Amino acid sequence: MSERVAVRKTYKLFIGGKFPRSESGRSYLVQSSNVSLASRKDARDAVVAARAAVKGWAGATAYNRGQILYRAAEMLEGRREQFVALGVPGDEVDAAVDRWVWYAGWADKLSQVYGGANPVAGPYFNLSAPEPTGVVAVVAPERPALLGLVSVIAPAIVTGNTVVVAASPTEPLAAVTLAEVLATSDLPGGVVNILTGRITETAPTLAAHMDVNAIDLTGVTDADLAADLEVKAAENLKRVLRPAPADHDWSADPGVTRMTTLLETKTVWHPKGV
Amino acid sequence: MFEYAPAPESRSVVDLKASYGLFIDGEFVDPADGGSFKSINPASEEVLAEVSEAGTQDVERAVRAARKAYEKVWGPMPGRDRAKYLFRIARLIQERSRELAVLESLDNGKPIKESRDVDLPLVAAHFFYYAGWADKLEHAGFGANPRPIGVAAQVIPWNFPLLMLAWKIAPALAAGNTVVLKPAETTPLTALLFAEICQQAELPAGVVNIITGAGDTGRTLVEHPGVDKVAFTGSTDVGRAIARSVAGTRKKLTLELGGKAANIVFDDAPIDQAVEGIVNGIFFNQGHVCCAGSRLLVQENVADRVLESLKRRMAQLRVGDPLDKNTDIGAINSAAQLERIRELSDAGSAEGAERWSPPCELPDRGFWFAPTIFTGVTQAHRIAREEIFGPVLSVLTFRTPAEAVEKANNTPYGLSAGIWTDKGSRILWMADRLRAGVVWANTFNKFDPTSPFGGYKESGYGREGGRHGLEGYLNV
C-alpha cells in the first residue's frame, strides 16, 4: 500500500476573523511553506477590521473578555504538538499557555487595581477608571516566536483594545497557527489581526495610520527604524511602547506596564447632594 | 447691571525687581549671552519686569546642575526628607499666597478672584498632596521599589502659570527626580517668585532650576541629551513636535495638550444650574483653559430656553481690571492670543455662524475680548473643530443621546466633557461612551490634586494628579 499523501496547510493572513491571502498575491518561503507577504493595503484593511471590532470588544464585560482569553489558553494547550512540530520548544508552548491564563485573570481586576475613588476636597463623587485606548499596532518580537507573540497580544486585548500584529518575519508559522487558535476561541473577528511579511513594509503604514491609537514597537530591532516609526506615530500622538532590549527575558514576570501603557484613565466627577 | 464701585486688590504686596536672572543651582545667575525680554501686564501693557532669555549654554548649565543634584543629593535622600521639603514649600505658598495671587493676576491677566480662590489654593494643595507620597512610593502600586527617572525637563503654558508649575514640580520631586522648568515667556514671574520660595525653603541647590525664555529655549531643553524625562503642557502642535524630537531616545514623555470639549445639556437638566456650568465652562479664565467647554451641545427642544437664559447671564459678566475683586473676565494673555481669537471668531462669522456678545465696554489699553457665543454652528465650522482658547462658545444642537455622543466625540481631541441631566443612569451611559479623560457631570472645571487629569487621543498622554500622576516620574 502506498503511503498516505499529506494535506498541507496554506499559511495565510488573519484579518477580521477570516484567513485571506495578501491582496498583493505575494508570498515568501519559510520552512518549505509559502507564507503571505502582506502589503500596505493589507495593513490598512487590518486596521479597518480592528476598528470595527472595538465597539463590541471594548463594550464586552470584563468577565466575558477573561473567559474568552482563558478559552484561548485551552485551545492553545490542545494544539501543543502542532506548535512543537513547527519547531517551537515544548517548554515555550507551556509558557505561552500559562501567559494566556495569567492575562485572562487580569480582565476583571485591572480596573480595581489601576482605578478607584479619589478623595477630592469637596462634595463630589470622583472616580477614575481605565479604558482601552482603541486600535493598537504591534510589532511582535522576532523570537521567541510563540511566547513573544502571546506576550504582546494578550496584554493589549485583555483590557478591550483590538490589535493589528506584524508577526515575526522569520518565524511566521507559529503566528498563523496561533491565529487558528484564536479563531476557535470565541474571540470576535477583528479583535486580533495578524500580518506576515516584512516589518519594513507593514510597520510604517501602521505607525502613520491616523486611525491607530497606539503602537507597540517591542519587536523592532533596527534602532533607526524604531525612531522613524516613533516619529510617524507622533502625527496623531499614538501611545508608544518602545522596543524591548535585545536581552529581554520573556519568561520573567511581565508586570503591568504593557497593559497600562495601552489604557486611558477616565475620571468622572459628580456633585453629592439631596 | 448693578453698578459697583471699583474694589481693586492692592498690588503693594508684590515687590517686583526690575530684572530677573535664571534660577540655576540654587542661585539667580545672568544668562551667558545676556539676552533678555520683557514681561508685561496684559491688562495695561505696562512692563512688569525684564526677564533673562536662556540660551544653549544656560540650558546646559541648568541640566548639569539638575544632574548633579539628582546624583549627589536628591536621589539618595530618604523619601521622608524629600517630603519635608515639599511640605515646607506648600506652607510657604500658603503663607505668601496673597503675593503670589496678585502677581499671577498682574502677569497673566486673570481675575484676582480666580488666582486667589482657585489657582493658589490648588497650588498649595498639590504640593501638600505629593509631599505625602515621597516616603510612600512603594505603596503606590508601581512595584516594591519604584525608582525615579532622573532629570526632568518641564515646559509649561501661560494659562495657569503657577498651577502648571505645581502639577509638574510636585510629583517630580516627590518621586525623587530633579527638574529644569521653563515657564511660558508671557508669564514667567510667579515661577521666579517660586524660585525664591525654594531658596526660602532651603531646598538643596540644583533640585529645582527655572530657566526663562521662549520656544527656542524650550526646544533646546527638551532636546538636551542629559534629560531623562520630558513633561509638556501646551498646544497639540508643539506636543507633536516634542513627541518627534524624543523619538528614538529613552526619554519618558508625558503630554497634556489641547481640547475642544463638548458640554452637553439634556432637556431634563436644571437649566439655571446648567447655564452656570456653561458660563464657568467657557468663560472661566477667559476661556484660556485646555479643558474648556467650548462646544455647547444642547438638546434641540430646550435650545431656545437655554440660549435665552445664557444670554441673560452673560450680560451680567463683568469684564475688566483683573485686580478688581468684582471682575469675572480679565484680560486676554497676549496680543498674539488676542489675534488668534479674533481670527477664529471672524472665521466663524465668515462661515455663516451667528455671533452674539452682550453690550460690554472694554478698556482702552491692554488685550480684551468680549464674551461671545456663536449659534447655528455646524460640525464642519472651524470654530467647532479648532481650539480657540478664548471666551468664545460654539453652540450646536442634538436630539438623541446617541447623537450627542457622536457629536461630542467628533474631534481629534479628548481631554474633557460635560453632561447636564437629572437622570443618573444617563450620566453613566454617556460617561462610558465619551472619549475624554475627565467627565464632569452636573458640574464643570473642577480640579483636585487627588484627581487624575489628562487626555485621550490628540489631547496627549499620561495623567497629572493623584496616584496616576506619579507614574510619569517613576521608572515603571
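A salt bridge here is a side-chain nitrogen of Lys or Arg within 4 Å of a carboxyl oxygen of Asp or Glu. By that rule, the interface of chain A and chain B in this predicted model has two salt bridges. One of them links E235(A) to R244(B), and the closest N and O atoms there sit 3.0 Å apart. Since 3.0 Å is the N to O distance in this pair and the cut-off is 4 Å, E235(A) and R244(B) count as a salt bridge.

On the side of chain A that touches chain B, the elements giving two or more residues are α5, β4, α9, α10 and β10. β10(A) gives the largest share, eight residues.

| Residue type, chain A side | Residues |
|---|---|
| Nonpolar | 16 residues |
| Polar | twelve residues |

Three bridges tie it to β17 of chain B, residues 438–441, and the two strands run parallel. Within that pairing, T267(A) has V438(B) as its bridge partner.

Now for the overall extent. Chain A puts 36 residues into the contact and chain B puts in 45. About 3,100 Å² is buried between the two chains, with carbon and sulfur atoms giving 50% of that area. Of the area that chain A buries against chain B, 23% comes from L237(A), R242(A) and W269(A), more than from any other three residues.

Notes: Residues numbered from 1 in each chain as written. Chains lettered and ligands numbered in written order. Predicted model: local features only at pLDDT ≥ 70, side-chain atom pairs only at ≥ 80, totals over all residues. Heavy atoms only, no water. Contact = heavy atoms within 4.5 Å. Buried area = accessible area lost by both parts, 1.4 Å probe. Helix = DSSP H or I, 4+ residues; strand = E, 2+ residues; numbered from the N terminus. Nonpolar A, V, L, I, M, F, W, Y, C, P; charged D, E, K, R; others polar. Pairing = 2+ DSSP bridges.
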